[in-house]
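Visitor: Please take me through this model, one contact at a time.

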Protein chains: 4
Amino acid sequence: MRFFSDNAAAVCPEVMAALVEANSLDTAYDGDRWSGQLNNRFSELFGTEVSALWVSTGTAANALALAELCPPYGSIVCHRDAHIQNDECGAPEFYTHGAKLLLGEGVGAKLDPASVEALVATVRDDVHQTQPAVLSITNATEYGLVYTPEETSALGELARARGLRLHVDGARFANAVASLGCSPAELTWKAGVDALSFGFAKNGGMSAEVLVFFGGRDARATHFRRKRAGHLLSKGRYLAAQVLAMLDGDVWLRNARAANDAAARLATAAGRERLLLPVEANEIFLRATPDEAARLRAQGFDFYDWGPGEARLVTAWDSDPAAVDSLAAAIAAL
Amino acid sequence: MRFFSDNAAAVCPEVMAALVEANSLDTAYDGDRWSGQLNNRFSELFGTEVSALWVSTGTAANALALAELCPPYGSIVCHRDAHIQNDECGAPEFYTHGAKLLLGEGVGAKLDPASVEALVATVRDDVHQTQPAVLSITNATEYGLVYTPEETSALGELARARGLRLHVDGARFANAVASLGCSPAELTWKAGVDALSFGFAKNGGMSAEVLVFFGGRDARATHFRRKRAGHLLSKGRYLAAQVLAMLDGDVWLRNARAANDAAARLATAAGRERLLLPVEANEIFLRATPDEAARLRAQGFDFYDWGPGEARLVTAWDSDPAAVDSLAAAIAAL
Amino acid sequence: MRFFSDNAAAVCPEVMAALVEANSLDTAYDGDRWSGQLNNRFSELFGTEVSALWVSTGTAANALALAELCPPYGSIVCHRDAHIQNDECGAPEFYTHGAKLLLGEGVGAKLDPASVEALVATVRDDVHQTQPAVLSITNATEYGLVYTPEETSALGELARARGLRLHVDGARFANAVASLGCSPAELTWKAGVDALSFGFAKNGGMSAEVLVFFGGRDARATHFRRKRAGHLLSKGRYLAAQVLAMLDGDVWLRNARAANDAAARLATAAGRERLLLPVEANEIFLRATPDEAARLRAQGFDFYDWGPGEARLVTAWDSDPAAVDSLAAAIAAL
Amino acid sequence: MRFFSDNAAAVCPEVMAALVEANSLDTAYDGDRWSGQLNNRFSELFGTEVSALWVSTGTAANALALAELCPPYGSIVCHRDAHIQNDECGAPEFYTHGAKLLLGEGVGAKLDPASVEALVATVRDDVHQTQPAVLSITNATEYGLVYTPEETSALGELARARGLRLHVDGARFANAVASLGCSPAELTWKAGVDALSFGFAKNGGMSAEVLVFFGGRDARATHFRRKRAGHLLSKGRYLAAQVLAMLDGDVWLRNARAANDAAARLATAAGRERLLLPVEANEIFLRATPDEAARLRAQGFDFYDWGPGEARLVTAWDSDPAAVDSLAAAIAAL
């Protein structure tokens, strides 16, 4: 009964079926008939013309997006707890050729306009400092909070006013959309977002993420950067097929809702006192003494300690309902 | 009836079955039980202790290998027609942070000690020029020739004498081994090879290649570089499972033999006069007038023109025997 | 009467004389008879065998040192107010190819073992985070404090224990040595320092800094990196001559003492209450209301505001004694 | 009697005087009154509005220019014998973050439209190859030939037609202008040049080169890149002063003429048979047997062997007329 990461989840049946179905000879790289549908399918989903490229990891999607939006001598505003800062071993620095990350504050890994303003205000407008070029937020955040369309728009307006591009690390974008019940458009281009790393791997995919550019942005440079980074798979059709299978019939939303619902059940069981943060997507941060954590583990539940007296639980599209119920009961019984 | 690239081939049944079998919850990244077997399994295969890392593309494998072996201020000796020079959009330069490629000559994209010596001799031993640090060869070459163990050893000795590391781009390493009937060891560490990009994708895999380091080389830096390049897949088990499935029962050799055999049949049909180069692996380069090429295409055969009056045919593990026979007949009838 | 930066100071007579004297035909780059003396002269100065390379700027010296000591996938521990973080437009990131800076705390831009330990402890020992490889301190600091030999040794020991290399940004190293009355050795290799950016430009030079490696470290890679960065001047003898002229007769110490003495006179005049920090080298940070600052400026004194109600004064080797006396009087009269 | 490099020459009196004159306190970096004149003075010289930045070396000027004009995933067309390929230890690759150099052919290191066309035609227009973005020529070339305004214009037109930017490595631009008797404008923006590395160091300066951008190109990015590369000297006024002193009264032209005249005298003495190439600037390439070279050296003349039976002689602004006469006589007497 594993609740330590949605990365550990299995691949959903639609994706597996799509891989089997795609298993025939076709054109290499992204010249195949699956890859050729991405721009259109994502343009439909977002209700505007977009450029969409598959890649194998969220780190690659983020780093390619940042390389497109930030020059080597620029900087990227993000939260101190952002994945791009803490969990990508410097991929943004590698792909941007040495841009700096400026680290902001905010509860639950969430930035707000005031914290961004405060951070940008520390930068002298001279040649001795890298100038902020991008604002990058994660939705849902690394702590399972979501940015609403209004919150995103407020950051989008600030970004425009400050000459920043806006990037969303959407490793759990599906969970955010499912949680908010809004449209993908409202959380992206309508709110001023320039680029989205749209995650599929944590949400039932095998190895596919999609980098989406809005606003008519030319993805030409990114096609070269993707190839040059070794991310243009020779049999790209197997990536595209995963993604298309998750767009069909909104499997991506169905999976995200399942994960969110499981998390909500755990949150209810935990109760307000025990939660470190509201549960808005598929991550639960609990107050739990070492003894309590040990008791949960003794019942077969796997999860990460997140700090002294804190535990992180992550649900996934395939979290076993019985296991969720057991865990909910176990938490309630602590 | 497609003969334009082994990249276009399907995934072999064992790999597809392995993906289905691996489709359960496990540890993320490379902490799973499949990934954990790679070092041992490849050490067995090569008969020496190696470090083995999965990546998604041959370009990534090559570039990571070169980054390990060559400093930014060094240079890499390779053939003028090498994949790393012509088909990776500067991935070696990106990963090495700007090393230079020194381009050598030789028939069929093959280097020999004399051509390497000649090239290295052009470099002044001073700080104004990047100093050669790596020799990279492709086996089988981009033109379907193979380096024998003896030829590889001769280059390995030269490399040692000149202070160069030796890298093998083995996108079609399986085809070379199958063609030569030698052991993987004889074409690598026994011949002085430091690193091998061992290709699986062209040979029946879906998206897996393996980077192998010999000589007790510590792969620690490469683990960091892989992550930083966005190539540490969150569900890495699906890569490892592909590879293990192809090692089991020597599927990798069986597939390569099938491709080589198909190529041999075409070569025989073509006859010596029509062949631009000997056919030693799974690529055939033909003399074919525009009219002849058109005639083949009119019969439903797909392939690349390779220059004026030249055509490239590539067979794969799944080349349809009937299609091969038809093509053989069609070539013979030209 | 300018007190805003020692960068604005003139070139001292010995340096100017040396430039005139060096003005004859000689070998290019660093093959000349001045450059050829650097290793020996700095080895004498430090009482141990060192490698010493001239460069034109402190930023280049720092960035080259860090590129030698830190891999692209590593990180550099420094103070939040370090020059390498705030005033070099990402030069460390450029030269290291994307290493990260980890920012520590401490009064007056000074790190101590506890703050370094606290920072290093935040890093997970896994492949998802860049691992600390270097500790970089500035002596004298950006706020005019000095690290004593004991303090440096304590950091050196910590660095060794944690597998970090120790770099000193010595843009004002001369001021630190002059202030402490210790030997250059005590502040460097005897305290565990691996590399020193030894500043001459702020201290009476025109355009020369020296990068010194200790511990028998091979500077070969740095010679290539320097060339590749465009920092191997074709007439390098004019850089070497500046440096040698400042070593002769300890001009470097004489100049630093003059600057420190001027600062001390201003500090005394200011009195303890008005000083934000002790004055240990050639920088004075004052509490000064906008009105007070305006009054000083009205008397012809130039300096930087450093924050609300704060002013920075910097003395130099050539601070005019009369101007210093006037300023001292003016401060005392506030 | 040294004729091995103009890099070895002394600094001309006007430059030395300017350094002495500039030796007073002023604003740091490029905020001083000398640096502030560069844009205007070079705009006057070229008869159009330009951006002009000082740097310390030709390598830095070239690499910064190329980084401005070429993306990391692009390539730079240049001659096989270009300085940027052979003598900068990969600086273009470092500053551009890994662009490739495409090497063309032509007598005396000179490219012509046909050779450039031939080279560009080898590049496939797909994402697997870096796409040509810049054409870089050296005027005068590494072999002492000059491009006329007409020849430059022809390349400029080709560049525009092919979507390439045009860069001129003008380490010996003054020698080219002096040789041709044309205006600086005719060899640059009027011929379609986007950026010029304008050399002063080989021509009597101490350590100054100027990077000039034409066509209203915004140099903002280059200012950041220069700082980030450690090339923004803290006392930049001493660089600017060198340059201004050489613009005043056309010292740059006077010096170049002196060097060219000396070379012409040697060329006349050598006679057509002995010259490998026409002498159009300040470099002479001679046929000379080892015995002949030894005889010249025995008479006290220093120069480089350039290949079997070949010698390179370089004159400079300060080539001693008596030494030139002696060498001329010695060559004639061979």
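**Helices, sheet and interface**

Guide: α3(D) passes α9(D) in a right-handed crossing, that is, with the near helix turned clockwise from the far one by less than a right angle. Helices (H or I, at least four residues) and strands (E, at least two) are DSSP runs, numbered from the N terminus. The model is predicted, with local features needing pLDDT of at least 70 and side-chain atom pairs counting only at pLDDT 80 or more, while totals for chains, interfaces and linings use all residues. Residues are numbered from 1 along each chain as its sequence is written, and chains are lettered from A and ligands numbered from 1 in the order in which they are written.

Visitor: At what angle do α3 and α9 of chain D pack?

Guide: Helix α3 (residues 58-69) and helix α9 (residues 220-228) of chain D pack at about 135 degrees, and their axes are 10 Å apart. Axes are fitted to C-alpha atoms, for helices over the stretch in contact, and angles run from 0 to 180 degrees between N-to-C directions.

Visitor: And which residues meet there?

Guide: D:L64, D:A67 and D:E68 of α3(D) meet D:A221, D:T222, D:R225 and D:R226 of α9(D); contact requires C-beta atoms, placed from the backbone, within 7 Å. By class, three residues of this contact are nonpolar, one is polar and three are charged.

Visitor: Turning to chain A, what is the strand order of the sheet?

Guide: The sheet is open, has seven strands in the order β1-β7-β6-β5-β4-β2-β3 (chain A), and its pairing is mixed. Strands pair if DSSP finds at least two bridges between them. At the edges stand β1 (51-55) and β3 (100-104) of chain A, each with a single partner strand, so one side of each has no neighbour in the sheet. From one strand to the next, the twist averages 20 degrees.

Visitor: How many bridges join β2 to β4 in chain A?

Guide: Four bridges join β2 (residues 74-79) and β4 (residues 131-138) of chain A, and these strands run parallel. A:I76 stands opposite A:V134 in β4(A).

Visitor: How many residues does the contact of chains A and B take?

Guide: Chain B gives 38 residues and chain A gives 38 residues. Among the elements of chain B that each supply at least two residues are α1 (13-21) and α5 (91-96). Because 100% of the interface residues of chain B are also interface residues in chain A, the copies meet through the same surface.

Notes. Contact = placed C-beta atoms within 7 Å. Nonpolar A, V, L, I, M, F, W, Y, C, P; charged D, E, K, R; others polar.
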